[in-house]
Amino acid sequence: MGSGGNNGTVAILKESRDQQLLRPRGSWSVRACHSWVSPRFARWHHPSAWGQRCAEPGVGIMLLPSLRGMSRQLMHNPARLLFSGALGRNQAATAAGASARETSSSSSAAAGAGTPGDEGKKNVVTERHGTIMTIGINRPEARNAVNQETAAMLLQAFTSFEDDTSLTVAVLHGIGGNFCAGYDLKELAHNPTSIKLEQDVTKGPGPMGPSRIKFSKPVIAAVSGYAVAGGLELSLLADLRVVEQSAIFGVFCRRFGVPLIDGGTVRLPRLIGLSRALDLILTGRPVGAQEAYEFGLANRIVPNGQALQCAIELSKQISAFPQQCMRGDRSSAYYSVFDAASFTEALQFEFDTGVQVISKESLPGAKKFSLGVGRGGKL
């Protein structure tokens, strides 16, 4: 960082150790300045008078443009030199402040464009990538917290995915850096009657929208930023979670007395075990990506900013397999965990589901294998 100007301007330079060793003789550090300027001038320019910036290693004062010109400034009007340097800093600070205000205004405008009343704004954005549908929560100004309007749109998007036979995988993600911060408590606080709860879970949607749907096709969650409270519950809807390195999971609603009523207490223990699930549910503590991976909550950890793309690539791999067989095995796995009353019943369901695809996909697959397709573990 620096401040510049005409003759006699004082500039702040930050240098590495190598740069200090290679600095030309014409540039002077603070120590060099002290050796030939008046004690009063040196005291004014001591690093302690410039704040913490000058106390950093490699930060010095360089006198421009020439030693002779600087000497004349020091001899005739040291106050002018000081004023010039301060003015340069003030000008730089003013420019930086203006830039910051411009950025803030742009951000505010973007956030304002995300309010429910703005024209053309959609709280849920869907896109199609071949046979894959991406469903994006688009309320970045609220960390993608879900209000009633957004919940209804999520339900509609996932219903469309489930009903469209040409779609194979859905990817749920958050737009703007966060997956979902849960239900919009501000809306609930200001308008308590806005939330409508269906007591019978078989007759209506959950507060977050699609949380009561039993999907027949795979869903992948691309998790960035916060996936907490109801956002955690939405991520549990998915078969797999592709998680960015800086992502955070947690039952943050614990602090505010808001219960998990979108399947969190049902899915989480089955997914990661009762003991670990209770650790999250009782404490409400944040869980990072690495711990989530160790728990089994995260299936993949990817660099920041790449969750959506990696989830789409994973979806393409899944979509390339024979679909009826894959969906049958998926359905049997869910049935054995959530619905089967006994081990024998789970086995029976597995057989009944699997035998239906033998003639349609298994026999053609066996013929491909005999021809050498897919050997050596190639997908």
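Author: This is a predicted model. Val266, Tyr334, Val337 and Phe338 form a nonpolar patch on its surface, and together they have about 320 Å² of accessible area. The most is given by helix 15, residues 323–339, which supplies three residues to the patch. Val266 belongs to helix 11, which covers residues 264–272.

Helix 15 also holds Ser332. Ser332 counts as buried because its relative accessibility is 8%, and the cut-off for buried is under 20%. Leaving aside residues up to four places away in sequence, Ser332 touches Phe349 and Glu350.

Now to the inside. In soluble globular proteins, nonpolar side chains tend to be buried together. Here the largest nonpolar core has 46 residues, and Leu234 and Phe249 have the most contacts inside it. Several elements each supply at least two residues of this core, among them helix 11, strand 4 (132–137), strand 5 (169–174), strand 6 (219–223) and helix 10 (230–236). Helix 8 (148–163) is also one of these elements, and the largest share of the core, five residues, comes from helix 8. A second, separate core has 12 residues, including Val171, Ile220, Ala222 and Ile318.

Apart from residues up to four places away in sequence, the residues touched by Phe249 include Val223, Ala227, Val228, Leu232 and Val243. Arg285, Pro286, Val287, Ala292 and Leu297 are also among the residues that Phe249 touches.

Strand 9 covers residues 248–250, and three bridges join strand 7 to strand 9, the two running parallel. Both strands belong to an open sheet of three strands in the order 7-9-10, with mixed pairing. Strand 7 (226–228) and strand 10 (287–288) are the edge strands, and each pairs on one side only.

Strand 3, residues 124–129, pairs with strand 4 in the antiparallel sense over six bridges. The bridge partner of His129 is Ile132 in strand 4. The two strands form a hairpin with two residues between them, and Gly130 in the turn has a positive phi of about 65°.

Note on methods: Residues numbered from 1 in each chain as written. Predicted model: local features only at pLDDT ≥ 70, side-chain atom pairs only at ≥ 80, totals over all residues. Heavy atoms only, no water. Patch = residues over 30% accessible without salt bridge, like charges linked within 9 Å, V, L, I, M, F, W, Y side chains within 5 Å. Areas by Shrake-Rupley, 256 points an atom, 1.4 Å probe, with all protein chains shown as cover. Salt bridge = Lys/Arg side-chain N within 4 Å of Asp/Glu carboxyl O. Helix = DSSP H or I, 4+ residues; strand = E, 2+ residues; numbered from the N terminus. Core = buried A, V, L, I, M, F, W, Y, C linked by side-chain atoms within 4.5 Å. Buried < 20%, exposed > 50% of the residue type's maximum accessible area, 1.4 Å probe, protein only. Contact = heavy atoms within 4.5 Å. Pairing = 2+ DSSP bridges.
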